[in-house]
Amino acid sequence: RLLSALRRRCDIAGKRLSGPGLAAEGRVLRAVLYVYHSRLLRHRPYLALQQVEQCLKRLWKMNLVGCLETLVQLIPKKNASEAHTECLVPSQPVLETVALKVLGGCKLILRLLNCCCKAFLLSVKHLCSKEFILLNTVASGLLSRLWFVIQYRCVLQTLVSLYSALSTMLHLVSETQQTPYIKGFTFPSDMSNFLGVNVSSEAKKQKAKMLTTKKSISWMKKLFPAMPEAVSKVWKKRKSETCTSAMKNHSILCPVDIGETVV
């Protein structure tokens, strides 16, 4: 039962880590950093974006997905008729290695979420100051999507759940035959104590921070002030008249001017 639960959690964690969302956002982030590298070396939102990209790069380089796939291959598949027979289990060194990588992955993802939140707030702040509008608009959208992908797919929560199953299996295997591989390190029993924060409460806190940046007058209204009421009425009237005439005459071949330019 424990082996099947461990296999199932490894499969879920691997799929959520190797999903197309994280990879796509990582490629877009690298492209944005490449385009703006020579222009914004000292810009604070750009430096914060570099920290986000560094966390993503370290997450891919640790090859956590490959490590989980190796562990799944070592867990034997059992039929219902063989449920109570003896079977081979992964050794203590293998379980310790995977557990250590899961712990590191949790730390990295938590750091990635914090960097996303920090960079998003900086981008919105500089956007309100009308600095590098194009970069900060792209960056704020990219960071919010990346943060949402990690939270929506519950990547961190899945790894915490996986570590719980790994910890139980590691305890049972070490009781049967002690062959410790990683020495001088005590594997934590509670992930919240190891991370230093509660995962769900930290996510809610970050979401609240990002949402409170929208004040009564949002940054979009600051950048694009509303039209005066008189101009707005004239524009709406001309637009409705033009649309009506275009609907009546379907044979118009030239482009139709639907209103005045709005500054």
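Reply: One term to start: a contact here means heavy atoms within 4.5 Å. Also, this is a predicted model. Among contacts between residues at least 6 apart in sequence, 84% join residues at least 24 apart.

Me: OK, and how many helices and strands are there?
Reply: There are 11 helices and 0 strands.

Me: How much of the protein is buried?
Reply: Of its 263 residues, 37% count as buried. The exposed surface comes to about 16,600 Å², and carbon and sulfur atoms supply 58% of that.

Me: Switching to cysteines. How many disulfides does the count give?
Reply: The count comes to 0 disulfides.

Me: Is cysteine 116 buried or exposed?
Reply: Cysteine 116 is buried, at a relative accessible area of 0%. Cysteine 106 is buried too, with a value of 0%.

Me: Now helices α5 and α6. At what angle do their axes cross?
Reply: Roughly 150°, with the axes coming within 9 Å. Angles over 145 degrees count as roughly antiparallel, so that is how α5 and α6 run relative to each other. The crossing is left-handed.

Me: Which residues make the contact?
Reply: On α5 they include Cys116, Phe120 and Leu127, and on α6 Leu143, Trp147 and Ile150 are among them. So the Cys116 we discussed, buried at 0%, is one of the α5 residues in that contact.

Key:
Residues numbered from 1 in each chain as written. Predicted model: local features only at pLDDT ≥ 70, side-chain atom pairs only at ≥ 80, totals over all residues. Heavy atoms only, no water. Helix = DSSP H or I, 4+ residues; strand = E, 2+ residues; numbered from the N terminus. Buried < 20%, exposed > 50% of the residue type's maximum accessible area, 1.4 Å probe, protein only. Areas by Shrake-Rupley, 256 points an atom, 1.4 Å probe, with all protein chains shown as cover. Disulfide = S-S within 2.5 Å. Axes fitted to C-alpha atoms, helices over the stretch in contact; angles between N-to-C directions. Parallel < 35°, antiparallel > 145°, perpendicular 65-115°, else oblique. Left-handed = near helix turned anticlockwise from the far one by under 90°.
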